[in-house]
Amino acid sequence: MTRNYSAISILSILVGTVLEWYDFSLLAAMAPLISMLFFPSINPAASLLATFSVMASGFLVRPIGAAIFGHVGDRYGRTVALSMTILLMAVPTTLIGCLPTYHSVGIVAPVLLIILRLIQGFASSGEYPGAICYLTEIAPANRKGIWGSLSMFGVAGGILFGSLINAVLSAYLTNDDMLQWGWRIPFMIGMPLGMVGWYLRYYSRDSIIFEQARSAKQTLSLPIKYVLQANLLKLIIAIALFSLGTVTFYMGFVYITSYLISTHQLSLHDALVSNSIGTLVMILTIPVTGFLSDLIGRNKIMMMGAVLLFLSFYPIFQLFLSHQLLLGQCLLGLLIGIFVGPVAATVSEMFAVNVRYSGVALALNIGSSVFGGTCPMMAAFLVNHFGYAALPGIYPVLIACICVVAIYVYANSHQLQQSMANINDNAKSKVLSEA
C-alpha cells in the first residue's frame with residue numbers, strides 16, 4: 001500500500017511540475033520571435049531587451065506568491081497549494097497564445113503580455129517549492145537526496161519539453177510560418193496539459209508527516225513570520241543555493257541563445273536543438289548527484305559543483321561566443337546538474353515541517369527573482385550599453401563565489417547545525433507524542 005501511494009504521489013508531482021514549467025519556460029524559448037511580434041524595433045538588441053524585461057516581470061511577483069502559497073501549503077496542505085498553482089499557470093499560458101500582436105493592436109499587445117506574465121510568475125512561485133517539500137517528506141530517511149532531486153528533474157523536464165516542442169515546430173515550419181501562427185501552438189496546448197496535471201494532483205494525498213503535524217495542531221497562524229524571525233541565516237544560505245542554479249541556467253540557456261539568434265549568428269532551430277540536448281544532459285545528471293548526496297553527503301557534492309561553476313562558467317561562455325553552443329551547453333548542463341542535485345533536500349532539511357513550505361518558497365523565489373530572472377535582461381543591457389559581448393559571463397562567476405562561501409558557512413557552523421537539530425527534534429517529538 002505504501003509503495004503504491006508513493007508511486008502515485010511521485011507521478012502526480014512530476015507530471016504537474018513538468019507541465020507547469022513547460023508553460024513558464026515557453027516565453028524564454030520563444031524570446032527571439034516574441035521580441036519581433038510584440039516589441040518591433042529597428043534595433044534587434046532593443047527588442048530583445050524589451051522581451052527579457054517582460055520575462056523579468058514574471059519574477060517580480062514571485063516573492064508575493066511565495067508568501068501566499070507558502071502560507072497555504074503550511075496551513076492547509078501541500079496538495080491544496082499545488083492544485084492551485086497548476087490551474088493558475090495553464091490559463092494565462094493559453095491566453096498568451098491567443099494574443100494579438102503589436103502590428104494588430106499596437107501598445108495593447110505588450111501590455112496584455114505583461115499582465116499574463118505576472119499571473120504566470122505568481123503561479124510558478126508555489127510550484128517548485130511545493131514539489132520539494134512533498135517529495136522530501138514522503139521519501140525514506142536515507143533517500144531524501146534522490147527523491148528531492150526529482151523536483152528539479154521535473155522543472156528541467158518541463159523546460160526540455162518546451163524546447164523539444166519548439167524544435168519540432170521550427171523543423172517543419174518556415175520562419176514566416178512561425179512568425180505568422182506557429183509560435184501560438186506551444187502556448188495554446190497549455191490548458192489541456194494543465195488539466196491533466198490538475199487531475200492527478202486532485203486525487204493525491206498530503207504527506208504523512210504533514211498530516212500528523214496538522215492533527216497535532218503544530219501548524220502556525222503565520223509561518224512566514226517564524227521563518228523570518230527564527231530562520232534568517234538558513235534563509236539567506238538557501239537563497240544563495242537557489243540563486244546559483246537559476247543564474248547559470250538563465251544565462252547559459254536563455255540569454256545566450258536569444259543573443260546569438262538576434263545577432264544572426266545562429267538559427268532558431270539550431271538553438272532549440274542545442275538547448276534541448278544541453279538540458280537533457282542536466283536532467284540525466286541531477287538524480288545521479290541527488291543519489292550520491294545520500295551516500296557521501298550533500299555539502300561535498302554542492303561544494304564541488306559550485307567550485308566547478310566558479311572556475312568554468314566564463315570559459316564556457318567564451319565557447320558560446322565562438323559558435324560552439326552545443327559543446328558549451330552540454331558542459332554547463334553537466335555542471336549545473338552536479339550542483340543542483342542535492343540542493344532540494346538540503347534546503348528542505350533546513351526548515352521544520354510546519355514552516356517548510358514557506359521557508360523553501362521564500363528562499364527559492366527571492367533567489368530566482370532577485371538574481372536569476374533578471375539576469376537575461378541585465379546581460380542584454382550590459383552588452384547593448386558597453387558593447388562587450390563577454391561581459392555577462394562574469395556575473396554567474398560572482399554568484400558562484402558567494403555560493404561557495406554560503407556552503408562553507410552552512411557546513412561548518414556548529415551553532416546553526418545544532419539549532420536545526422533541536423528544532424527538528426522538538427517538532428518530531430511533539431508530533432509523535434500526539435500521534
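The second largest cavity of this predicted model holds about 50 Å³ of space. A cavity is here a set of points, on a 1 Å grid over the protein atoms alone, where a 1.4 Å probe fits but cannot get out, and lining residues have an atom within 4 Å of a point. Its volume is the space filled by probe spheres set on the points, which are joined across faces, edges and corners. H1, H14 and H15 each give two or more residues to the lining of the second largest cavity, and H15 provides the largest share, four residues. Helices are DSSP runs (H or I, at least four residues) numbered from the N terminus. Among the residues that line this cavity are Pro 32, Thr 257, Ser 258 and Asn 275.

Helix H21 (residues 394-412) has 19 residues and should span 27 Å at 1.5 Å a residue, which agrees with the 28 Å between its end C-alpha atoms; the expected span is 1.5 Å times one less than the number of residues. Buried residues (under 20% relative accessible area, 1.4 Å probe, protein chains only) in H21 include Tyr 395, Pro 396, Cys 403 and Tyr 410.

Residues are numbered from 1 along each chain as its sequence is written. Local features need pLDDT of at least 70, side-chain atom pairs count only at pLDDT 80 or more, totals for chains, interfaces and linings use all residues, and side-chain values use heavy atoms, with hydrogens and water left out.

Methods: Buried means under 20% relative accessible area, exposed over 50%, partly exposed in between (1.4 Å probe, protein chains only). On a 1 Å grid over the protein atoms alone, a cavity is a set of points where a 1.4 Å probe fits but cannot get out, and a pocket is an open set with protein on both sides within 12 Å along at least five of seven lines; lining residues have an atom within 4 Å of a point.
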